[in-house]
Amino acid sequence: MSPTDPTDPTDPTQDSEGVTNGPLTAVTGASGALGGRVATRLIRAGVPVRLLGRDPSRLPELPGADTAPPAPYGDGEAMRRALAGAHTLFLVSAHESPDRVHEHTTAVDAAVAAGVERIVYVSFLGAGPDATFTFARDHWDTEAHIRVSGVRHTFLRDSWYLAGLPAMTGSDGVLRGPAGDGRVAAVAHEDIADAATAVLLSGTDPTGPTHDGVTYDLTGPEAFTLAEAAEELGRVAGRTVTYVPETREEAYASRSGYGAPDWEVAGWVTSYEAIAAGEMATVSDAVATLTGRPPMNLATYLREHPESYRHLLTGN
C-alpha cells in the first residue's frame, strides 16, 4: 500500500476507521500547488491537519482540516498562535521578496516558541551561500537558522518544477534564457508532495524512520537540456517550439519590460544561469526511495497535464 493509503491496516497511527488520534501537523502554503497537495494527502491518511495562510479565505476547504487565523510568516505572534498545539510544521517557502529570509526565520522562531517539535522545510536544490541562483541562497540561510534552532528537521530540496517549463515558454513558441547547454532534472509537484507526505507520515510511526537531520534532493528521473525540453513541448503541442540561449545581458534586456524589481529579475536570470553552471543537473533517487515509485518525466507530465501547454496550441 502507498504511504498515503488511509485504510492501511498496518499503520499504527490509525484506528479501525482510518482516523488517527496522532499529533497535529500544520501545513503552510495550503492555497498553493504544493501545500494543498500535501494537506490533502495527509487528511486522506487520517492525520490531523491545520491549514495556515496569510489569507484564510484563500485556503481550500478540506473536510476534517482545521483552519488557523491569518498567519503571515513575518508576524511572529500570529504564527505562534496559529501553531499552538502543533507537533510538526510543514514549512513551504514564502513568496520571493527581499525580506524572505527574515520571514522564514521569524516563522521558525515562532514555531519553536509554540512548542513545535519538528519542521519539514521545502528548500531548493543546490542551496548554499554561494549558489548561482540567488533565491537558493535564501534557502541556505533558512536551513542554517533551522539547524541552530534545536528543533528536529528535514530539508526537501526540490529541483525546478516541470510545470515551469511550459509556463516559461511564450505563446510564440520560444523558451529563452541563459542556461546554455546545461541540464536540469525538473520534478513534478505531485512527486514532491508524495515524497513530503512520506516524510511527514514517518513522524506518526514510532517504529519507523524519522528522517531527522536528513536533506533530500527531490528531482525528476533524468536531466535534460532546455533545447530537449523545447523539442518535447513542440511534439505534444504539434508545432515548432525552440530554445533560444541568451547571454546574461540579453536575458536582463528581454525581461526589462515586465516592470519587476531588480532583485526579482536577478532571481529569474540566475535560475537559468544555475543550469548553465551545472548546479541543476543532479538526478536523485530520493523520490523513488521515499514513495516506492519512480518520479514522472517531462513526457509523462505533459501527457497528464495538457492544460500546462494550452497556450502553445495553434488557434488558442
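A: Gladly! Two strands pair if DSSP finds at least two bridges between them. Keep in mind that this is a predicted model.

Q: What makes β5 and β6 paired strands?
A: Seven bridges join β5 (residues 118–124) to β6, and pairing asks for at least two, so the two strands pair. They run parallel, and Ile-119 has His-153 of β6 as its bridge partner.

Q: How do you know that β1 and β4 pair?
A: Three bridges link β1 (residues 25–27) with β4 (residues 88–92) in a parallel arrangement. The cut-off is at least two, so this is a pair too. Val-27 finds its bridge partner, Phe-90, in β4.

Q: What is the strand order of the open sheet?
A: The seven strands are arranged β3-β2-β1-β4-β5-β6-β9, with parallel pairing.

Q: Why are β3 and β9 said to stand at the edges?
A: Each has a single partner strand, so one side of each is left without a neighbour in the sheet. For β9 (residues 214–218), five parallel bridges connect it to β6, with Leu-218 as the bridge partner of Asp-158.

Q: What makes β5, α4 and β6 a right-handed unit?
A: With the strands pointing away from the viewer, the path from the first strand over the helix to the second runs clockwise in a right-handed crossover. The β-α-β unit of β5, α4 (residues 134–149) and β6 is of this right-handed kind.

Q: Why is β6 called mostly covered?
A: Buried means under 20% relative accessible area, and six of the seven residues in β6 (residues 152–158) are buried.

Terms used
Residues numbered from 1 in each chain as written. Predicted model: local features only at pLDDT ≥ 70, side-chain atom pairs only at ≥ 80, totals over all residues. Heavy atoms only, no water. Buried < 20%, exposed > 50% of the residue type's maximum accessible area, 1.4 Å probe, protein only. Helix = DSSP H or I, 4+ residues; strand = E, 2+ residues; numbered from the N terminus.
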